[in-house]
Amino acid sequence: MSYWEQAFAQPYFDNSSRREVTTTIGKTAYLNCKVRNLGDRAVSWIRARDLHILTVGGQRYTRDPRFQPLHADGSDEWTLRIVQPRLAESGTFECQVSTEPKISQAFQLNVVVSRASIAGSKELYVRRGSDFNLTCAVLESGGPFGGGPGQQGTAEPPSFIYWYKDGRVVNYSLRDDVGSRGRGITVSTDAASRSSRLHISAALPSDTGNYTCSPSSSQPDSILVHVLNGEEPAAMQHGNSSSGSVRLRIILHECVSCNKLSFLPILLLSFVSYHLRTVLTLDTS
């Protein structure tokens, strides 16, 4: 195209940019608009729901400093950076060119709530010497365009998932009191499935504590682990109605690597024993 042809040609949008962006609350989002043959026209970013002008050219027009224009001289890209996005800001943003008539291209921003979820109940009882696993998944929900509660969304996977015990990082570390081969802590994280598994082998009483799964840009989740040195939990000693389920959970976690069929009679015997003791207690009261 000659200089004169280019001077009188109309601007147009390069459709190679992503038109839908999903981010989590507080994680900076970028909307990239590419305009070819812009000439002396200006590019503006507008929030569609209230037609509020956010930026004009390389200048911020709104009073909200979280909305920032990014543009390099000679580039066809005009980017809107949104710092600390909020859930209510899910919606449509328009990249507008000041032609007559004006042309615009719509971009969809989805802001979702990201949270960690550790499988199982909030308390776990295991006996000394047993192996146990804690499995954590990153779930997303919220916003008119996000996934439903408990569903995985479409934001980028977390850049890391850390495990903490009583406020201290335990990822990829070994216990100080490991005395024999095969005892220790291992962590396996799968970014694609947004999950992480903490495995503790040959549990010791010192492994008792509050364990927290903390992914980047997500709300953490915690579980309280009790490693019993042969004693029963207080709930079982006082005859609480939940003691049966606590006992069964202990037995199940002792069977991490056992043969399930050979273990079935032990599980059944424990279940019958618990209910028989409950009946005898009621008869004598």
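User: Where does T62 lie?
Analyst: This is a predicted model. In it, T62 lies in the loop between β6 and β7.

User: Is T62 buried or exposed?
Analyst: T62 has a relative accessible area of 8%, and the cut-off for buried is under 20%, so T62 counts as buried.

User: What is T62 in contact with, leaving aside neighbours within four places in sequence?
Analyst: H52, I53, L54 and F67.

User: And Y61, buried or exposed?
Analyst: Y61 lies in the loop between β6 (59-60) and β7 (67-70). Its relative accessible area is 55%; the cut-off for exposed is over 50%, so Y61 is exposed.

User: Which residues form a nonpolar patch with Y61 on the surface?
Analyst: I53 and V56. Together, the three have about 260 Å² of accessible area. I53 is also one of the contacts of T62.

User: Changing topic. How many residues does the largest nonpolar core have?
Analyst: That core has 21 residues. Those with the most contacts inside it are F132, L134, W163, L198 and V225.

User: Which elements give two or more residues to it?
Analyst: They are β10 (103-118), β11 (123-127), β12 (132-141), β13 (161-165), β15 (184-190), β16 (195-201), β17 (209-215) and β18 (221-228).

User: Which one gives the most?
Analyst: β12, with four residues.

User: What about a second core?
Analyst: There is a separate one of 20 residues, and L31, C33, L54 and V111 are among them. L54 is also in contact with T62.

How values were computed. Residues numbered from 1 in each chain as written. Predicted model: local features only at pLDDT ≥ 70, side-chain atom pairs only at ≥ 80, totals over all residues. Heavy atoms only, no water. Core = buried A, V, L, I, M, F, W, Y, C linked by side-chain atoms within 4.5 Å. Buried < 20%, exposed > 50% of the residue type's maximum accessible area, 1.4 Å probe, protein only. Patch = residues over 30% accessible without salt bridge, like charges linked within 9 Å, V, L, I, M, F, W, Y side chains within 5 Å. Areas by Shrake-Rupley, 256 points an atom, 1.4 Å probe, with all protein chains shown as cover. Salt bridge = Lys/Arg side-chain N within 4 Å of Asp/Glu carboxyl O. Contact = heavy atoms within 4.5 Å.
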